[in-house]
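Me: I am new to this structure and would like to go through one part of it slowly. Could we look at it together?

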Amino acid sequence: MTRGKQKIEAQRRNEEKNQKSKGSQFEARAVALKVSCPICKAQLANQNQLVDHYASKHPRENPPASGSQ
């Protein structure tokens with residue numbers, strides 16, 4: 001049963017690989033979200049998303065200039 005040993009080794013390698021990739025993504029998410037809406041404090045990735053957010057969530061307000069976040 002040579003294939004049985006290979007199968008067990010492959011399962012062990014896959015398990016080790018999957019353990020390394022699992023985990024929290026809070027740090028990566030915090031780094032990616034750089035702009036926040038001053039009205040509702042929603043966090044967004046960039047100025048373009050902020051403009052879209054204003055258009056859909058705060059249609060009566062004008063989005064802030066790109067310099068102020």
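This is a predicted model: local features need pLDDT of at least 70, side-chain atom pairs count only at pLDDT 80 or more; totals for chains, interfaces and linings use all residues.

Reply: Residues are numbered from 1 along each chain as its sequence is written, and side-chain values use heavy atoms, with hydrogens and water left out.

Me: In which helix is the place of His-53?
Reply: Helices here are DSSP runs of H or I with at least four residues, and strands are runs of E with at least two, numbered from the N terminus. His-53 belongs to the run of residues 47-57, which is helix α3.

Me: Does His-53 count as buried or exposed, and why?
Reply: Buried means under 20% relative accessible area, exposed over 50%, and partly exposed in between, with a 1.4 Å probe and protein chains only. Because the relative accessibility of His-53 is 11%, this residue counts as buried.

Me: Within what arc do the buried residues of α3 fall?
Reply: The buried residues of α3 are Gln-47, Leu-50, His-53 and Tyr-54. They line one face of the helix, because the directions from the helix axis to their C-beta atoms fall within an arc of 110°.

Me: Which residues are exposed on the other side of α3?
Reply: The buried residues of α3 are covered by elements including β1 (35-36) and β2 (43-44). On the other side of α3, the exposed residues are Asn-48, Asp-52, Ala-55 and Ser-56.

Key: Contact means heavy atoms within 4.5 Å.
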